[in-house]
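Good morning, colleagues. Please look at the structure on the screen while I describe some of its features.

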Amino acid sequence: MEIAKNLADSLKEVLLDGKWVAGTNIKDEIIDLDWKIATLKIDSLNSIADLTFHIDYYLAGVLNVFKGGKLEIKDKYSFDYQKIESQKSWEKLIDKFCNDSEEFVKAVKSMTNNDLEKNFVKKEYGDYFRNLTVMSEHCYYHLGQIMLIKKMIKQRDL
């Protein structure tokens with residue numbers, strides 16, 4: 001069994017082009033959104049832009065580890081980003097998300113079973129396999145939030 005390929009396919013499914021599990025994916029849900037909708041706050045919920053940044057923050061941080069860098073991301077900063085104030089800045093975030101997602105999937109696909117069994121940064125963080133399955137779960141969790149927020153916006157006819 002090609003474990004890394006299966007993990008990469010699962011990540012690609014949720015991030016970029018799948019429809020099998022949720023009937024959609026993050027890219028499809030954000031790609032054509034107007035920046036004003038993407039940044040709209042409903043009650044205390046995160047905006048779609050907040051969630052897009054948040055997902056990409058983790059992808060980029062783990063991708064840095066894949067490239068031999070350090071794990072420098074911190075949960076407390078995972079929603080800290082420059083405010084989106086135009087369609088251009090929203091599209092820049094979408095482009096970063098898509099590029100990081102593609103690079104992430106490609107890196108996962110190239111891993112060996114040995115790579116997947118290695119500790120991810122520190123022993124207490126578990127192995128690569130566990131971290132990659134959690135990344136997929138994390139992305140599906142936020143995809144669900146994005147879909148619900150879009151439905152709430154539509155109901156409010158905004």
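Phenylalanine 53 is buried, at a relative accessible area of 15%; buried means under 20% relative accessible area, exposed over 50%, and partly exposed in between, with a 1.4 Å probe and protein chains only. This is a predicted model, in which local features need pLDDT of at least 70 and side-chain atom pairs count only at pLDDT 80 or more, while totals for chains, interfaces and linings use all residues. Residues are numbered from 1 along each chain as its sequence is written, and side-chain values use heavy atoms, with hydrogens and water left out.

The structure holds 6 aromatic pairs. Rings of Phe, Tyr and Trp (its six-membered ring) pair if their centres lie within 6.5 Å; planes under 30 degrees apart count as stacked, over 60 as edge-to-face and the rest as tilted. One of the pairs joins phenylalanine 53 to tyrosine 81, and it is stacked, with 4.7 Å centre to centre and 20° between the planes. The two partners come from distant parts of the chain, 28 residues apart: phenylalanine 53 belongs to helix α4 (residues 48-66), and tyrosine 81 to the loop between α4 and α5 (87-109). Helices here are DSSP runs of H or I with at least four residues, numbered from the N terminus. Tyrosine 81 is partly exposed, with a relative accessible area of 23%.

What is the arrangement of the rings of tyrosine 57 and tyrosine 58? Their centres are 5.5 Å apart and their planes stand at 90°, so this pair is edge-to-face. Tyrosine 57 is buried at 16% relative accessible area, and tyrosine 58 is buried at 14%. Phe53, Tyr57, Tyr58 and Tyr81 form one aromatic cluster.

I turn now to a helix pair. Helix α1 (residues 3-17) packs against helix α7 (residues 128-155) at an angle of about 15°, and the axes are 9 Å apart. Axes are lines fitted to C-alpha atoms, for helices over the stretch in contact, and angles run from 0 to 180 degrees between N-to-C directions. The angle makes α1 roughly parallel to α7, a term for angles under 35 degrees.

Finally, the backbone. Aspartate 43 has a positive phi of about 50° although it is not a glycine. Aspartate 43 sits in the loop between α3 (35-38) and α4, and is exposed, at 63% relative accessible area. Valine 121, also not a glycine, has a positive phi near 70°. Valine 121 lies in the loop between α6 (113-117) and α7 and is partly exposed, at 43%.

Notes
Helix = DSSP H or I, 4+ residues; strand = E, 2+ residues; numbered from the N terminus. Parallel < 35°, antiparallel > 145°, perpendicular 65-115°, else oblique.
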